[in-house]
Amino acid sequence: MNTTAAGEIILDIRHLSTVFKTDEGRLPAVTDVSFSLGKGRTLGLVGESGCGKTVTALSIMRLLPQPAGQIVAGRILFDQMDLVRLPADRMRRVRGGRIAMIFQEPMTALNPVQPIGRQLREMFLLHAGGLSPAAMRRRCIDLLQRVGIPEAQRRLEDYPHQISGGMRQRVMIAMALSVAPEILIADEPTTALDVTVQAQILALIDDLQQAEGMSMIFITHDLGVIAEICDDVVVMYAGQVVEMASVTRLFRTPRHPYTQGLLASIPRLEHPAKSRLETIPGMVPGLAEMPAGCRFINRCPHAFLDCKTPPPLVDLGDGHSARCFLYGSGRESGA
Ligand SMILES: Nc1ncnc2c1ncn2[C@@H]1O[C@H](COP(=O)(O)OP(=O)(O)O)[C@@H](O)[C@H]1O
Ligand SMILES: [Mg+2]
């Protein structure tokens, strides 16, 4: 965790809206999402499955499934560029070297029919061409060692299916780091792993983030994980930002009823992890059935008449905001 105060902003997402074009029409996966990532900081993007976290990340990377996924509004500012409008070839360069992403299931990103060493070498060739084969091999081994892979030299010859899920995720992290990115987007990188390995991978990511001074967006459905490694949190529900704050503030004074429900559902020893939120009955609405007002209305223990109109994000001060009428209409703060 990085404790420096919020300073320079490295990635600024403003009013991002992304839709999927389907037979049912244009379905809103991400609606008017704004947040910024501070340089050297770790921002947690949290919400239940289906809330738009991955679509937000894929929008930033411009890796939305084509042709269905489309960014229809907003800007994504990075180093004086707007990634939404960047020509494809320049975007490829950003993706290949400056912003990297790791996914929940490394098997989908690794090539099953190539040894690990060869895949790592190809990453290096793309980004650090001109190394001799011996130097390249040395770099690959170094990298595998840095992500905690034992007997790295021998692992170079292994195929992805020959190593464990935890080791595959380490290889993915190594590949992401091989390009020395300024921003790492980690999309539920530990969700598919068992609890002990999860903790090891989290610790590894946290260490590397600090050692490299990278900025990071860490995506998870588990607020407990956020507490361990993040500085700032953005809570998403049904494609919208419903609350954001520093980690300390969010855990101390959660304002949105959804965040309160997520917090109450953090697995503890005496009540083990469940896949659904037991503290908030119901489910995230599908894209074709979004309520017109507050999207949380059907699950909210506090819903009242006003909630039939869409609540604005209300500024609560100190970088804390919540999309909820319990905290006023937001008009007085200009939000
Ligand atoms: N290719 C797609 N076509 C249509 N809808 C999609 C597609 N991918 C994702 N969605 C929908 O977009 C919403 C957000 O999905 P996603 O970003 O993957 O959620 P999260 O990562 O928070 O679990 C969900 O309702 C999901 O069903
Ligand atoms: Mg996802």
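# A walk through the two sheets

Start by selecting E6 and strand E7 (residues 183-187): these two pair in the parallel sense over four bridges. Helices (H or I, at least four residues) and strands (E, at least two) are DSSP runs, numbered from the N terminus, and two strands pair if DSSP finds at least two bridges between them. Show Ile102 and you'll find Ala186 of E7 opposite.

A word on the model before moving on. It is predicted: local features need pLDDT of at least 70 and side-chain atom pairs count only at pLDDT 80 or more, while totals for chains, interfaces and linings use all residues. Residues are numbered from 1 along each chain as its sequence is written, with chains lettered from A and ligands numbered from 1 in the order in which they are written.

**Stop 1: the eight-stranded sheet**

Now widen the selection to the whole sheet around E6 and E7. Its eight strands run in the order E6-E7-E8-E3-E9-E10-E12-E11, and the sheet is open, with mixed pairing. Strand E6 (99-102) and strand E11 (314-317) are at the edges, each with a single partner strand, so one side of each has no neighbour in the sheet. From one strand to the next, the twist averages 20° (angles run from 0 to 180 degrees between N-to-C directions, and axes are lines fitted to C-alpha atoms, for helices over the stretch in contact).

**Stop 2: the four-stranded sheet**

Next, pick E2, E1, E4 and E5. They make an open sheet in the order E2-E1-E4-E5, paired antiparallel. Here strand E2 (25-38) and strand E5 (81-82) take the edges; each has a single partner strand, so one side of each is left without a neighbour in the sheet.

Zoom in on E1 and E4, which run antiparallel and are joined by eight bridges. Arg14 has Arg75 in E4 as its bridge partner. Then slide over to strand E4 (residues 69-78) and E5, an antiparallel pair with two bridges. Phe78 is bridged to Met81 in E5. E4 and E5 form a hairpin with two residues between them, and Asp79 in the turn has a positive phi of about 50°.

**Stop 3**

What lies across strand E1 (9-22), E2 and E4? Select helix H1 (residues 53-61), which runs at about 75° to E2. Follow the chain into the loop between H1 and E4, where Arg62 lies. Arg62 has a positive phi, near 55°, in a residue other than glycine. Pro67 is in the loop between H1 and E4 too, and the peptide bond from Gln66 to Pro67 is cis, with omega near 5°.

**Stop 4: H7 against H8**

Show side chains at the contact: Gly166, Gln169, Ile173 and Leu177 from H7, and Val197, Gln200, Ile201, Leu204, Ile205 and Leu208 from H8 (residues are in contact if their C-beta atoms, placed from the backbone, lie within 7 Å).

**Last stop: zoom out**

Along its principal axes, the C-alpha trace spans about 70 × 50 × 45 Å.

How values were computed: Contact = placed C-beta atoms within 7 Å.
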